[in-house]
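Please read these comments alongside the coordinates.

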Amino acid sequence: MPTVHAYPEHNFAVFARDARDSLTPNETQRTTLIVAACYIIAIAILWHVPYLSAIIYPFKLLTVGFHEMSHAIAGVLTCAHIHSIELDPDEGGATRMSGGIPWITLPAGYLGSSFIGAALITCGFDTNASKVASLVMAAFFLFTLWWARRNWLTWLLILGMSGLIVLFWFVAGGVALRYFVLFIGVMSCMYVLWDVIDDTIARKVNGSDASAFAKICGCCPSQVWGVIWLIIAFAFFAAGIVIGLVAFKQSAAQQADDARHFLPVPGSSSGALQQLLPASAMASSLACVAALTAVLLHRW
């Protein structure tokens, strides 16, 4: 016979205590949360300040790239043929495909880029997880370059971002990379929230994904789908933070020790590798500065 515990309320109390302990941030996680909050404030300010908005312009384009890449991946998964991905200097983009299932490919842009942002936020709580996230982003970049091989703006953007990733991988044993991944995640989630509100709720844009989805569905206007996608995007954002708090409880010292044994960076192992750091960092810096400068110049 199955055993029934005589004190179910005791089990619930233990579960509640464990959940509380898992969600209570340690010192390293509190620092990460503070940095993420500063990112949110800084992005919100820079978003609407003339000239200063140029600081985050390349990252806006990157999140547009995530949006279009999500369309393309959903298309591949539903047997569509991807013709091209294009990024526009005015922070727009287009994924041209034939076939596929529009019920899946249309919402994949907003929801996919929001999911990517949430995953990057989670990885931003741990140095080794940020390294893995960077390698995954590199794979996504390669697919994007293949689909956007005729769009030079996409090439410049990805070259610049790749240079920043390589550069930050070398700084402080990968700690700088962790905060960079966190920033991209926060930026991606915030861009999705703002874009959904701006395109579907605050005003109706006939060419938006929500408008196209509403025409296919026929049961609800685009504003309703915008609200639904906004709620899902918020849920992804919150889930990224919660999972990061639960999954990565290591202190900064523990993360630094783990990072020395997982894809180690220059300065953590051999002397020959340390000598490689200045040249590698300088080359990455020059490449990303040149690429991002070209992107900004094309903006104006």
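The points below take these topics in turn.

1. Basis. This is a predicted model, in which local features need pLDDT of at least 70, side-chain atom pairs count only at pLDDT 80 or more, and totals for chains, interfaces and linings use all residues. Residues are numbered from 1 along each chain as its sequence is written, and side-chain values use heavy atoms, with hydrogens and water left out.

2. Confidence. Mean pLDDT (the predictor's confidence in each residue, from 0 to 100) is 82 for the protein chain, and 80% of the residues score at least 70. Helix α4 (residues 102-123) has the highest confidence, at 95, and helix α11 (residues 271-299) the lowest, at a mean of 48. Over residues 270-278 the pLDDT is below 50, and this stretch has 5 contacts (heavy atoms within 4.5 Å) beyond near neighbours in sequence. Where pLDDT is low, the predicted coordinates should not be read in detail.

3. Strands. β1 (residues 81-88) and β2 (residues 92-98) run antiparallel, joined by 7 bridges; pairing requires at least two DSSP bridges. D88 has G92 as its bridge partner. The hairpin leaves 3 residues between the strands, and E91 in the turn has a positive phi of about 70°.

4. Largest cavity. Its space is about 80 Å³. Of the lining residues (an atom within 4 Å of a point on a 1 Å grid where a 1.4 Å probe fits but cannot get out), α3 gives the largest share, 5 residues. The lining has 8 nonpolar, 3 polar and no charged residues.

5. Second largest cavity. This one holds about 40 Å³, and α7 contributes the largest share of its lining, 4 residues.

Technical notes:
Helices (H or I, at least four residues) and strands (E, at least two) are DSSP runs, numbered from the N terminus. On a 1 Å grid over the protein atoms alone, a cavity is a set of points where a 1.4 Å probe fits but cannot get out, and a pocket is an open set with protein on both sides within 12 Å along at least five of seven lines; lining residues have an atom within 4 Å of a point. Grid points are joined across faces, edges and corners, and a volume is the space filled by probe spheres set on the points. Ala, Val, Leu, Ile, Met, Phe, Trp, Tyr, Cys and Pro count as nonpolar, Asp, Glu, Lys and Arg as charged, and the others, Gly among them, as polar.
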